Each structure stands twice: as structure tokens, then as C-alpha cells.
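Please keep the sequence and the three-dimensional view at hand while reading.

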Amino acid sequence: MTLPPNPESSSSLISPHALMSIRNLELRARVVVEGFWSGIHRSPYHGFSAEFTEYRAYTSGDDPRYLDWRVFARSDRYFIKKFEDETNLRCYLIADNSRSMTYGSTGYTKAEYARTLAATLSYFVYLQGDGVGLLTFDEDIREYLPARHRTGHLRNLMLALEKPASGKTTNLGAPLKRIAEIVRKRGLMVVLSDFLAPIEKLERELSALAACGHEIIVFQILDRAEVKFEFGEAAMFQDAESGKTLFLDPSMARKDYLRKLESHCAHLRSTCQRFGIALYRLTTDRPLELALFDFMRERMQRKRVLNRRVQQPRAAGANLQNAK
């Protein structure tokens with residue numbers, strides 16, 4: 001499967017403002033996914049397929065019909081072909097529901113945009129036949145649904161996402177620590193937040209999550225007004241989480257604000273790079289199809305890297321056999 005062309009310049013992209021006018025969250029997700037689906041991803045196989053991606057050791061009770069005798073002849077060990085439907089993805093969406101996410105200058109909030117992106121990714125992953133789970137948080141963990149693929153699960157996940165942001169502060173460390181504790185099998189962790197909290201508290205938990213072998217994708221979601229700070233007149237500004245107010249002249253404060261924001265984002269970026277985590281920064285005026293494209297591109301590029309790593313040891317083993 002090849003990467004789809006970059007849709008950045010496509011005139012058929014749905015504006016987020018129009019998308020948010022659809023009240024039903026699942027319908028929003030369906031509009032985005034179905035508008036971007038055709039020709040991108042083949043349907044997953046159901047039951048045993050003729051294609052397989054790897055092997056696993058034979059254990060008592062396995063069907064001997066699926067033993068690979070060629071591998072046995074080379075290694076004197078029994079292996080079972082691990083078929084595609086046994087390698088399905090387990091995806092967990094970790095969504096920030098703190099009060100800072102309630103800011104919005106476009107007629108909808110960062111929280112609404114993040115919920116719609118989470119719903120879109122959930123719907124997309126579910127259609128592939130993969131399991132999807134959810135953890136929402138603010139200063140505490142609010143909702144948790146394990147990764148599943150069964151009738152009714154997607155609807156329950158959508159209902160959990162629709163709950164409004166009600167927390168105050170953001171505690172990024174607690175949900176990552178909790179997900180590392182309860183998810184034992186390797187999976188894909190997708191974190192959606194504005195990350196407007198001290199990065200130092202996040203580093204240790206991101207490191208632990210990566211050390212567990214999980215693939216991690218981070219979407220930093222910011223309002224365009226937060227990124228540009230193009231306010232006009234002097235006014236009272238209120239911190240959404242602490243409630244503190246401050247009188248500011250934007251023309252005087254803009255340079256210092258942008259410097260601090262860039263420093264904060266650079267810290268997040270370097271942290272992600274250090275742990276091999278993919279980071280995408282989104283503003284809430286960016287079409288959701290492009291965020292889905294980012295997600296797909298990252299998944300496919302990571303899969304290619306893993307395939308190369310698998311093929312290299314096999315090639316080395318073949319050369320050693322030939323040398324003998």
C-alpha cells in the first residue's frame with residue numbers, strides 16, 4: 001500500500017466550522033472518514049487469510065495445520081503463522097478534558113475540535129476491524145473504556161467523548177501513568193491535548209510509556225488566537241484554569257507571549273523526539289481530513305521501519321545459512 005497524495009491543497013476538504021455545525025459527534029466522524037476513505041485503506045481480513053505478517057511460537061492447543069515446516073527445517077523449532085487478523089491494532093485515545101480546552105475564538109472550542117478528532121480516529125480504527133479504547137482526563141481520570149471491537153462499543157465511546165470538559169487544571173502525568181499500568185499488550189497511544197501545562201511532569205510518564213513498547217502519537221491542539229496572539233485593544237485576560245485575571249495591552253505583551261509559547265512548544269517537541277514520539281501541532285481551523293492524513297502517514301511510515309527491521313535479521317540469518 002502506498003501513501004495517498006497529500007490532500008493539503010484539495011478544495012474538497014470540509015471546513016471545521018461547517019463540520020462543527022453537525023450536532024451528532026459520530027456523524028461528524030463519519031463525514032470526515034467517508035470523505036477521505038476511498039482508495040486509502042483496504043478492508044481487513046476476517047478469519048484466517050492467505051496473508052500473514054509474522055510468526056509466533058507453537059503452544060499446546062494450536063492447530064497443527066498452520067505449522068510452518070520450512071521454518072522448522074531451518075530452526076528445529078515449531079512456529080505458527082500469525083495471520084493478519086491476529087495482529088490487529090489496539091488503539092487508545094487519551095483526551096484532555098481540562099478547562100483550558102474550553103477556549104475557542106472560532107465559534108467552537110479546542111475541546112470540541114479534539115473530541116471530533118478523537119471520534120474521527122475512533123471511527124477510522126474501528127472500520128479497520130481494530131480495537132479502540134478511550135481515556136479522558138483533566139486533573140483526574142474521568143472516563144476509561146478498554147480497547148475493544150464489538151457491537152455497541154463505538155457508540156459507548158462516542159457517548160463518553162460527548163461529555164463536556166468540566167475539570168479545572170491539567171494533569172498530564174496521571175493518565176499516562178494509569179494507561180501504562182492497565183495496558184499490558186503493546187498498542188498505539190494517541191494523546192490529544194493543548195499541553196499547556198509544565199512539560200517536566202510529563203517527561204517521566206512519556207518515557208515509561210515508550211519503554212513499555214507502545215507506539216505514541218501526540219496531537220497538540222491550539223486555537224489560532226493562542227498561536228498568533230493578534231488581539232487588538234487592551235483588555236482583561238482570564239486564565240481558564242486558575243481563574244486569575246490580568247489587564248494586558250496585546251501590542252506590548254505579544255512578543256514576550258510568543259517567545260514563551262515557542263519555548264514551551266520547543267520543550268514538548270524535544271521531549272517527543274527524545275522518546276521517538278510523533279508530534280503534530282494542529283490549530284482548530286485546520287480541516288480534520290489533514291489530521292487523519294497525519295495519523296495515517298505516521299502509521300504507514302512506522303510500519304515500513306518495522307518491516308525493514310524484521311527483514312534485516314532474516315536476511316542476516318539467510319546469509320549465515322548460505323555461508324555454512
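## Strand S6 and its partners

Val191 has Val218 in S7 as its bridge partner. From S6 the chain passes through helix H7 (residues 200-211) to S7, and this β-α-β crossover is right-handed. The model described here is predicted.

Between S6 and strand S7 (residues 215-222) there are six bridges, and the two strands run parallel. S6 is also joined to strand S3 (residues 90-96), in this case by five bridges, and this pair likewise runs parallel. Opposite Met189 in S6 stands Tyr92.

## Burial of strand S6

In a regular strand, side chains alternate between the two faces of the sheet. In S6, Leu188, Val190 and Leu192 point one way, while Met189, Val191 and Ser193 point the other way. Both sets are buried.

Strand S6 spans residues 188-193, and six of its six residues are buried, so the strand is largely enclosed by the rest of the structure.

## The sheet as a whole

S6 belongs to an open sheet of six strands, arranged in the order S5-S4-S3-S6-S7-S10, with mixed pairing. Its edge strands are S5 (141-148) and S10 (278-283), each of which pairs on one side only. On average, neighbouring strands of this sheet are turned by 15 degrees against each other, direction ignored.

Strands of a sheet pair through backbone hydrogen bonds, in either a parallel or an antiparallel sense. The antiparallel sense is found between strand S4 (residues 131-137) and S5, which pair over five bridges. Thr136 has Glu143 in S5 as its bridge partner.

## Helices lying across the sheet

Helix H4 lies across S3, S4, S6, S7 and S10, and runs at about 150 degrees to S7. Helix H6 (residues 173-182) lies across S3, S4, S5 and S6, and runs at about 35 degrees to S5.

## Thr120 in helix H4

Which helix holds Thr120? Thr120 is placed in helix H4, which covers residues 110-127. With a relative accessible area of 0%, Thr120 counts as buried because this value is under 20%.

The side chain of Thr120 reaches the backbone oxygen of Thr116 at 2.8 Å. When neighbours within four places in sequence are left aside, Thr120 is in contact with Ala29, Val32, Val33 and Leu292.

Conventions:
Residues are numbered from 1 along each chain as its sequence is written. This is a predicted model: local features need pLDDT of at least 70, side-chain atom pairs count only at pLDDT 80 or more; totals for chains, interfaces and linings use all residues. Side-chain values use heavy atoms; hydrogens and water are left out. Helices (H or I, at least four residues) and strands (E, at least two) are DSSP runs, numbered from the N terminus. Buried means under 20% relative accessible area, exposed over 50%, partly exposed in between (1.4 Å probe, protein chains only). A polar contact is a pair of N or O atoms within 3.5 Å; within protein, one must be able to donate a hydrogen and the other to accept it, and residues adjacent in sequence count only if both atoms are side-chain atoms. Contact means heavy atoms within 4.5 Å. Two strands pair if DSSP finds at least two bridges between them. A crossover is right-handed if, with the strands pointing away from the viewer, the path from the first strand over the helix to the second runs clockwise. Axes are lines fitted to C-alpha atoms, for helices over the stretch in contact, and angles run from 0 to 180 degrees between N-to-C directions.
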